[in-house]
Amino acid sequence: MNYDYDAIIVGAGPAGSTAALYAERRGLKVLLVDKKHFPRDKICGDAISGKSIIYLDELGLIEALEQAPQVMVDSVVFSSPNNTSVQIKFIPTVYNNISNGYVCRRIIFDNLLFQAAKQKVDTREGLSVENVLVKDGQVYGVRGRMEDGREVEHTAKIVVGADGFSSIVARKLGLYEHDPDHMLVATRAYYKGVTGMTNAIELHYVDAVLPGYFWIFPVENGLANVGLGMVKSALKKKGVKLRQAHIEATRSITFKERFKDAELLGDIHGWNLPVGSKRRKVHGNGFILVGDAAGLIDPFTGEGIGNAMCSGKIAAETIADLCEAGRFDEAALKEYSRRLWKALGSELNLAYRLQRTARFKPLVNLIVKRAAEKKEISDWIAGMIAGTISKRELLSPLTYLKLMFS
Ligand SMILES: Cc1cc2nc3c(=O)[nH]c(=O)nc-3n(C[C@H](O)[C@H](O)[C@H](O)COP(=O)(O)OP(=O)(O)OC[C@H]3O[C@@H](n4cnc5c(N)ncnc54)[C@H](O)[C@@H]3O)c2cc1C
């Protein structure tokens, strides 16, 4: 069969644009499509953490990010339900020696990545993919609709579903399933005039949403990205109304002073976060899933951009290898799953453990208190964030006993 492309990537968020950029480096012929036009917003906390920076660095995009409207952050503040807080300075990561993160609104960040990809590969904005093309059980392209109603088809050796939580690619191929135990739901709103903002991202473990948290992140021009998220099954069990809980958090004793003169800009939006506490199937005959379509968000921190970019890179490299081998069947594409879980499996397991730990209020109180009191513990948390502590140590229960009771 004569294909139009080696790969068609459906969705040009961080997963899709990253996949396109790495695929182009390997000489693949790529089409990157999105139903929206860029720049476009995405509901998010906008925190661009250490892992994302690895790929931005490799792709030569750090300078572009630093020139864009953003805030460079140097630490994280954790606070516990009983109101103890600790500020932990970021240390150089094991990956790239960079010790800061960024908060960059997604309308800016995603556009930066997309425009970089647009310079290198074919792109179509305003093309909503409606179905995948399948022959004899093998996916060989996509069918979509342009905004003027025109139907279009493109063929490729491999289709990459990078189309986020509601992934049409996953739906059409029978891989769309969301278990409320493995999904977070969160709000996001921008405010003007929140006081006490610094160059730290703030994660507040407020009682109402444990094991989730209330966040306040600094955005450029003195704005704040504020949100609140929790596990969907816990939300149902506790009967929490998320929007209401968001408003109540801003009016709570702890935060009301900081929000006294704050102005909500626009609405409080809510969206879903498919987390990687469950291994979903992410490949099949002629297709793979990346980013949120594959459900790769960190179940503890709610961060998904880094893992989306990581999966995009692994997808591109696997597709390049398979194009050389001329194999696009399910057995060959299993290689993508193998590489993906090798890269992310153990850290997602650890994050799930941490999320489960955070269900117990006294334990969260204890950990934050101990970190505030003991430098050894706050240093250890900084090392965990920076990836300088070995996975073996991170996964050992003995480590935690030693830290808590030393
Ligand atoms: C409230 C909230 C806060 C969050 N905070 C953070 C944070 O601070 N830091 C962090 O790292 N992560 C955060 N996340 C997670 C993060 O937003 C996601 O993990 C990340 O956006 C995943 O990237 P992606 O490229 O897989 O998907 P997306 O960013 O969702 O991109 C998918 C793209 O696919 C396109 N698309 C969808 N359907 C079609 C179709 N049929 N045809 C064509 N195109 C299509 C969409 O238009 C979109 O551009 C947060 C999530 C939420 C909901």
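Trainee: What makes β10 and β11 a hairpin, and which residue in the turn has a positive phi?

Mentor: In this predicted model, 4 residues lie between β10 and β11, and Gly 149 in that turn has a positive phi of about 95°. The two strands run antiparallel and are joined by 5 bridges. Strands count as paired from at least two bridges, so β10 and β11 qualify. One of the bridge partners is Glu 151 in β11, which faces Arg 145.

Trainee: How many residues lie between the strands in the hairpin of β9 and β10?

Mentor: That hairpin has 2 residues between its strands, and Asp 136 takes a positive phi near 50° there. β9 and β10 run antiparallel, with 8 bridges joining them. Leu 133 has Gly 141 in β10 as its bridge partner.

Trainee: Why is Ala 19 called buried?

Mentor: Ala 19 has 34 C-beta neighbours inside 10 Å. The cut-off for buried is 20 or more, so Ala 19 counts as buried. This residue is found in helix α1.

Trainee: Which residues is Ala 19 in contact with, leaving aside its neighbours within four places in sequence?

Mentor: Among them are Ile 9, Val 160, Val 290 and Ala 316. Ala 316 is 297 residues away along the chain, yet the C-alpha atoms of Ala 19 and Ala 316 are separated by 5.2 Å.

Trainee: Which residues touch the most other members of the largest nonpolar core?

Mentor: They are Ala 7, Ala 19, Val 159, Val 160 and Val 290, in a core of 123 residues. Helix α8, residues 305-325, gives the largest share of this core, 9 residues. In soluble globular proteins, nonpolar side chains tend to be buried together. As for Val 159, its contacts beyond four places in sequence include Ile 8, Val 132, Gly 141 and Phe 287.

Trainee: Why is strand β2 said to be largely enclosed by the rest of the structure?

Mentor: Because 5 of the 5 residues of β2 are buried. Val 30, Leu 32 and Asp 34 point one way, Leu 31 and Val 33 the other way, and all are buried. In a regular strand the side chains alternate between the two faces of the sheet.

Trainee: How do you know that β2 pairs with β1 and with β8?

Mentor: 4 bridges join β1 to β2, and 4 bridges join β2 to β8. At least two are needed, so both count as pairs. β1 and β2 run parallel, as do β2 and β8. Ile 9 has Leu 32 as its bridge partner in β2, while Val 33 has Arg 124 in β8. β1, helix α1 and β2 also make a right-handed β-α-β unit.

Trainee: Which residues come nearest to the ligand?

Mentor: Gly 11, Gly 13, Gly 45, Gly 291 and Gly 304 come nearest, of the 37 residues around the ligand. The elements that give two or more residues to this shell include α1, β2 and α8.

Trainee: How many residues of each class are in the shell around the ligand?

Mentor: There are 17 nonpolar, 11 polar and 9 charged residues.

Key. Residues numbered from 1 in each chain as written. Predicted model: local features only at pLDDT ≥ 70, side-chain atom pairs only at ≥ 80, totals over all residues. Core = buried A, V, L, I, M, F, W, Y, C linked by C-beta atoms within 7 Å. Buried ≥ 20, exposed ≤ 12 C-beta atoms within 10 Å, placed from the backbone. Contact = placed C-beta atoms within 7 Å. Right-handed = clockwise from strand over helix to strand, strands pointing away. Near = placed C-beta within 6 Å. Nonpolar A, V, L, I, M, F, W, Y, C, P; charged D, E, K, R; others polar.
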